Structures are given as structure tokens and as C-alpha cells.
Amino acid sequence: MRSICLYFQVHQPFRLRTYRFFNIGDDHHYYDDYQNRQIIRRVAEKCYLPANKMMLDLIREYGTAFKANFSVSGTALEQLQQYAPEVIQGFKQLAKTGCVEFLAETYSHSLASLGNREEFVRQVKRHSDTIELLFGQKPQTFHNSELIYSDGIGEMVTDMGFTSLMTEGAKHILGWKSPNYMYCSARNPKLKLLLRNFRLSDDIAFRFSTQGWPEWPLTAEKFTGWLNRIEPREEVVNVFIDYETIGERQWKETGIFEFFKALPKFVLSKSNFRFSTPAELTHILQPVAQLHVAHPISWADEERDLTSWLGNELQDEAFSKLYALTERIQTLDDPAIERDWQYLQTSDHFYYMCTKWFSDGTVHKYFNPYPSPYEAFINYMNVLSDFTIRVDEAIARKRTSGLKSKSKEQKEKAPKVVRKAPRTTTGKLIEEGHVKKLTTIKAAKTRAENARKAAVKTTKEEVAEKVFKSLNFDDIITLSDSKIKKIIKSIEIETVSAAMKGANKELREKVEKNLGKRALKTYKELLQQIKTISESEIKKSQKLIEKQIKLLTK
């Protein structure tokens, strides 16, 4: 009897709000609460709630013959608990059936396995503990964010006590071999590997509703026929997809719910396949070969590599700056900083900076809330700059507090000195050396406080200088009226007119209200005269204004 393993990924990031350069140091709330709540509620109503009900109905109908598997990120769990707690209840009902396995992953669906080993281990433990607390299961199988895997990651996973891991059946790794077997790590054969059948998985996830696809429409009967055509010796077919495929990315009208409702009937009656969990497969299947994966693979795009998250200079810069904070954060015990540290590691933030707009462009545009990768980068780096300042200030406060505690402890341990009774002269109390000692102590305290303030100020200035280059023309909308007037006075009105041809309505109105009567008249006349102007001239004019913004804010 062969097996089919259905696995669903459930993940939602904490999406960032528009966070500008001028917010740095003043505003520490980074998240778009409205959008996060709206998206969670929408996906819950279109996907999570009806899909959970469907899975529960299938288990009740087919008993232990039907099984499904889930990996739910910590950031998704937090938002579901906050905005759609009924979804959590649905997962708890599925867990009680004994027909559903919950997998372990990184808590914030992060790239920690590539950034820092200690952080990776810490996140996996936190996620496993959360799953066990919510659903009463201690995860036995590991699934890394985006199915990222390499020999090195396999070693870390084995050290954490896992014996099985799910990853991508990448063609450039398998070569002529099939993904429909159990494999094991070449570096540590005790770690068994379940590989995703990307063709069958993507048929459901991406091509299901594509009417131009030769196999459209895809039915449960047709899918079962494809299973039957697989070589009889091949033991397991792993279908791994995002849970949001059901109802959100493939709408209800496409027939996606009917497909999954009918799938167990056809698989169990028309094939020699059975539904299994990864834990069951780990016990019943033995590896047929070792897999050597020197460079990380993933389930993303045609390349099945890391270029969706770490494929350009923007992503590399953001990634390196983020994980450079790891050691500093590990010295702190600040719940607010720890929360933001987790949320900022989510892989989606780096995905939004991807510049791949060719074979996989449609996929990246669909999931990207930013107009361009560059705006995603600037927004993220502004947030990261403010976060870095907070971390450094927290460390400075901790050091200051530590020095005070140490000083107090030393005073308590110091031997008591029996002072001579002070003498009085003409009604005034005089004590030998008292005034001198008091002055010395005050001076030392003042120097320590000044040093602390200087360290914090230097940190702010360094960070501000790093993000200074990210200022652009659109940031003029965040300036005060007085600053805009200064900028206008410093440049020609012709330049202002040309720059505004390429600006949005809100920005134009902001500038126009700060023009004097004579300048406004000239400005409007020029706009009429330059109805046709090249894109390069517009950009050139905007660059001149951008330069003035930087000079004004430096």
C-alpha cells in the first residue's frame, strides 16, 4: 500500500505600516494593524473556517483513513488568537481527532536557519512549545520556513532531536531520481527526508483555476488517475501547499472545495494509495538513498533556491543588518524588543524586496503589498533603524543600571568607619573632608551621566546617517510647511513645476499651498507650457528637490 501525504502551510506575517525617515526615534509602532486585522478576517472567512470544517467533516466521514498535516507559524497563531480565535478552536478540534499532525518550524517563519544558529534553535523550541500548549501535540517532524534545507541545516535539526524533515524535491538535487521515496541526509543518515512532489503540488496551488492550462479543469478523479500512473515501486507522494490555496488564492467559485471533498473518495476507492502523516511515514518507510545538499534549496520559484529572499543587494543588506543585532538582543530581557525582533525576522519582509519579475513575476506581484522592491527596502530599513536605536538605548540603560547596582553592592560590603563626632563652631556643623567628598561624588555622577547620554546620542547619529541616503522626493509630504517653503525658495520655480508633473495629487497640493501668489501664478503658467516633458527631465528635477530635502534635514 502506497501513501499520499497532504501537508498545508498556514502563515501570516505582521505587515509593516508606511514608516518614514522622520518617524525614526519618535514612533516605535511599526505595524499596519488595520490591514493585518482585515487580511486575517478575510482569509479566515474565505479559507481557514470553511476549510477546517471541510477537513473535520472528511475525518468524520472516512475516519482514520483520511489524514492531513499542518504547520502554523507563530505569527499566524498570534494574529488568529487576536482577530479570529474561532480558527484556533477549529484547529483544536482537528487535533483531537488523532488524524492530524502539527509540524514544528521557526516561530516567526524566519530565515534564522541562515542567519544565526542560536536564534534558529530558540525559535524552533518556542514554536514547538506553543504547538504543544495549544493543540496537545509535541511536534515530531520539522518543516523549515519555505522548505529551506541544506546539509548544514539538517545537522542543526538533528541536534534538536528531530528524526524527519520535509523539504523540496528540487530537480537539480535529485537529478534522475524521483521525489516519491523516503531519503535521508548524506551528512546524518538518521535524519529522514520527505520530498515535495512539486509538479502535483503546483497543479493544485497555481494551475488549478488556469483555464489556459491543458489539464483544466482539474478534478479529484483526474488527480487520482495521475497517482495511478506513478511507477508502482514509488512509495509516497508528498503534496505540500499553502492552506490559503483553498478559498483565498483559488476562490470557492473555482471548485477547489469540491476537489478536496471528493479527493478521499477517489483515492481510497480507485487507487492503492492511503493518506498518511509524516510521523507514520518515518516509522514505516526506509530511505532508498542519501541526499547531499551543499547549498540551500527551497520550494520557491523555478530555481528552488534562496533568490526570492536573498537574491539581490537590497535583501542582503537588510538581512545582514538584522542579524548583526542578534548578540546584542540576547543580552536583553525586554518583552517589547523581543516581540519586534521576532516579527522583523519574518521571511516575507525580504520576499517583498525581490526583483525577480520574469518567469515568476506574477507570483511575486500577487503577494507584494509594496509598489516596488525598493520601497519595501526603504520602509523596512527605516523600521530597522529605529529598532536598532531602541536596542542600543536599552543596552545603555542596562549598563548604567548595572554600574549603579555594583556601586551599591560595594558600599554595602565596605567596612563601616566610625566617624568622630563633628565639632560645632559659631552654630555651624563642620565635618572634616565632608564637603570635599560630596563634591567629588557629584562630579563623578555627572561625568557618568554625560558619558551615557553621549553614547546614546552617537548611536542615534550613526543610525540616522546610515538611513539618511534613503530619503527621496516623496518624503517632502512629511515636511512641515515652513520647511517646504525653504526648499521652494532655494530652487528655481521651473524645477518645481517640472518635478510636480510626475508627482501624485496629495504631494502637489502640499507644495502648491506653500507657494506665494506670484510664484503660484508662474508655476501654473509653466505647467500649461510643459504639457509634454520627458521622464528623465521629471526625474532630474525631482532629484534636485530631493537634494534640498537632505540638506535641510541633515
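Between which two elements is the loop that holds D301 found? D301 is found in the loop between β12 (290-291) and α12, where helices (H or I, at least four residues) and strands (E, at least two) are DSSP runs numbered from the N terminus. The structure is a predicted model, in which local features need pLDDT of at least 70, side-chain atom pairs count only at pLDDT 80 or more, and totals for chains, interfaces and linings use all residues. Residues are numbered from 1 along each chain as its sequence is written, and side-chain values use heavy atoms, with hydrogens and water left out.

The secondary structure of the chain comprises 23 helices and 14 strands. Of its 554 residues, 50% count as buried, a class defined by a relative accessible area under 20%, with exposed over 50% and partly exposed in between (1.4 Å probe, protein chains only). The accessible surface comes to about 28200 Å², and 52% of this belongs to carbon and sulfur atoms; areas come from the Shrake-Rupley method with a 1.4 Å probe, and for residues only the protein chains shown count as cover. Among contacts (heavy atoms within 4.5 Å) with a separation of 6 or more, 79% are accounted for by residues 24 or more positions apart. The chain averages a pLDDT of 87, and 84% of the residues score at least 70, pLDDT being the predictor's confidence in each residue, from 0 to 100. Over residues 421-435 the pLDDT is below 50, and this stretch has nine contacts in the model beyond near neighbours in sequence.

Helix α10 (residues 256-270) has 15 residues and should span 21 Å at 1.5 Å a residue; its end C-alpha atoms are 20 Å apart, which agrees. The expected span is 1.5 Å times one less than the number of residues. At A262, α10 bends by about 35 degrees, and a proline, P264, follows within four residues. The bend is the angle between axes fitted to the seven residues ending at a residue and the seven starting there. The buried residues of α10 include F257, F260, P264 and V267. Helix α2 (residues 74-83) is mostly covered, with seven of its 10 residues buried. These are G74, T75, A76, L77, Q79, L80 and Y83. The elements against which the buried residues of α2 pack are β1 (2-10), α1 (33-62), β2 (68-72), α3, α5 and α14 (335-344).

Aromatic pairs were counted between rings of Phe, Tyr and Trp (its six-membered ring) with centres within 6.5 Å; planes under 30 degrees apart count as stacked, over 60 as edge-to-face and the rest as tilted. By this rule the count comes to 32 aromatic pairs. One of them, between F91 and F135, is edge-to-face, at 6.3 Å centre to centre with 70 degrees between the planes. F91 lies in helix α3 (residues 85-96) and F135 in helix α5 (residues 117-135), so the pair ties together parts that are 44 residues apart in sequence. Both F91 and F135 are buried. The pair of F319 and Y323 is tilted, with 4.9 Å between centres and 50 degrees between the planes. Both residues lie in helix α12 (residues 313-323), four residues apart, about one turn of the helix. F319 counts as buried at 13% relative accessibility, as does Y323 at 9%.

Backbone geometry was then considered. Most residues other than glycine have a negative phi, and most peptide bonds are trans. The peptide bond from W216 to P217 is cis, with omega near -5 degrees; P217 is found in the loop between α8 (198-205) and α9 (220-228). Phi of E146 is near 60 degrees, a positive value in a residue other than glycine. E146 lies in the loop between β4 (141-143) and α6 (151-159) and counts as buried at 14% relative accessibility. For D301, phi is also near 60 degrees, and the residue is buried, with a relative accessible area of 10%.

Two further positions were examined. S164, found in strand β5 (residues 164-168), counts as buried at 2% relative accessibility. Leaving aside neighbours within four places in sequence, S164 is in contact with Q140, T141, F142, L191, K192 and T282. S164 and C184 are 20 residues apart in sequence, and their C-alpha atoms are 8.6 Å apart in space. K485 lies in helix α19 (residues 481-490) and counts as partly exposed at 41% relative accessibility. The C-alpha atoms of K485 and G516 are separated by 9.1 Å, the two residues being 31 apart along the chain.
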